[in-house]
Amino acid sequence: MDPLSGFLSSLIWWLLFFYLIMAPQIQYRQLQLARLRILRDLSRKRNSTVITMIHRQESIGLFGIPVYKFITIEDSEEILRAIRSAPKDKPIDLIIHTPGGLVLAATQIAKALKNHPSETRVIVPHYAMSGGTLIALAADKIIMDENAVLGPVDPQLGQYPAPSIVKAVKEKGVEKADDQTIILADIAQKAINQVQRFVYGLLKDKYGEEKAKELSKTLTEGRWTHDYPITVEEARELGLDVDTNVPEEVYMLMELYKQPLKQRGTVEFMPYPVKQEGIKTK
C-alpha cells in the first residue's frame with residue numbers, strides 16, 4: 001500500500017471513530033437545546049418558573065438491561081435548588097412524569113413546593129404515581145391530561161404494602177405471628193401514620209381539616225393496590241380539585257423524552273388525514 005492510500009485509510013478510520021464518539025453527544029446536546037427552548041417559551045407564556053421531573057421506565061441500558069428511573073435524593077436536591085432560586089413572587093409549574101420513588105425525596109420536594117409563597121402548579125401529562133402523587137398533593141393546583149392518572153400513597157416496606165402487613169397480623173392474631181412479622185407490622189403502622197400526617201398537613205389549608213383527614217386516610221389505608229390508577233374522574237369524586245387544561249407545550253416537551261432512536265419502538269401512528277401527491281382525501 002502506498003503512503004497516500006495508507007494515510008487516507010487511517011484518516012477514514014479516525015473520522016469514523018470520531019463520529020461514533022461525538023455523534024451521540026451532539027444529538028443529545030441538540031435535544032437539550034430543543035427542550036430548553038420549549039421550557040423558555042412555556043415559562044414566558046405562564047409567567048412562571050418551570051421545573052421538570054420526567055422519568056422514563058422504558059429506557060434500555062447497556063447490554064440490554066432495563067434501567068428504571070424513580071424519584072431519588074438527587075432529584076430532590078435538584079428540585080429544592082430550583083425552588084430556592086425561583087422568584088418568590090412568581091408561580092412555579094412542576095411537570096411530573098414518574099412511577100414514584102423514595103418517600104424521603106418525595107416529601108422533601110412536596111414540602112418545598114408547599115412552602116413557596118406564590119402559586120404552585122403540578123402538571124401531569126401521563127402519570128404521577130406514589131411519590132409523584134404526594135408531590136402533586138402539595139401544589140395549589142393539579143393539572144392533568146384527561147387520560148392521565150395519579151396513584152395511592154400507601155407506604156411500601158420492601159416488596160409488601162404496609163397496610164397489607166398490618167392487616168395480615170390483625171387477621172392472623174399477634175399470638176400466632178412470629179417476632180419478625182410483629183416487628184414488621186409495627187414499622188408498617190408507623191409508616192402509615194407518618195404518611196397520613198404528612199398528607200393531612202399538605203391538604204388541610206386547601207380542603208379544611210375534615211376533608212384533609214378523609215383524603216389522607218383514603219390515599220394511605222391500602223384501599224387499592226399500590227399501582228391502582230386514579231383517573232381524573234375518580235380524583236374529582238374523592239374531592240381533589242383537578243384541572244385538565246394542560247398547556248400544549250407540555251406535550252411538545254414530552255415528545256423530546258422518547259426512547260432513544262437506536263431502540264425499536266413498539267407504537268407508531270400516522271396523523272389523519274394523510275395528504276400525499278396523487279392521493280385525494282375525502
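1. Beyond its neighbours within four places in sequence, Thr-220 is in contact (heavy atoms within 4.5 Å) with Val-153, Asp-154, Pro-155, Pro-163, Ile-192, Val-195 and Gln-196. With Gln-196 there is also a side-chain polar contact of 3.0 Å. Such a contact is a pair of N or O atoms within 3.5 Å, one able to donate a hydrogen and the other to accept it.

2. Thr-220 belongs to helix α7 (residues 209–220). Thr-220 counts as buried because its relative accessibility is 0%; the cut-off is under 20% relative accessible area, with a 1.4 Å probe and protein chains only.

3. On provenance: this is a predicted model, where local features need pLDDT of at least 70, side-chain atom pairs count only at pLDDT 80 or more, and totals for chains, interfaces and linings use all residues. Residues are numbered from 1 along each chain as its sequence is written, and side-chain values use heavy atoms, without hydrogens and water.

4. The lining of the second largest pocket comprises 16 residues. Nearest its centre lie Ile-51, Thr-52, Met-53, Glu-78 and Ile-79. β1 (49–54) and α2 (73–85) each supply at least two lining residues. By class, the lining has nine nonpolar, three polar and four charged residues. A pocket here is an open set of points on a 1 Å grid where a 1.4 Å probe fits, with protein on both sides within 12 Å along at least five of seven lines; lining residues have an atom within 4 Å of a point.

5. For the whole protein chain, 39% of the 282 residues count as buried. Among contacts between residues at least 6 apart in sequence, 69% join residues at least 24 apart.

Key:
Helix = DSSP H or I, 4+ residues; strand = E, 2+ residues; numbered from the N terminus. Nonpolar A, V, L, I, M, F, W, Y, C, P; charged D, E, K, R; others polar. Buried < 20%, exposed > 50% of the residue type's maximum accessible area, 1.4 Å probe, protein only.
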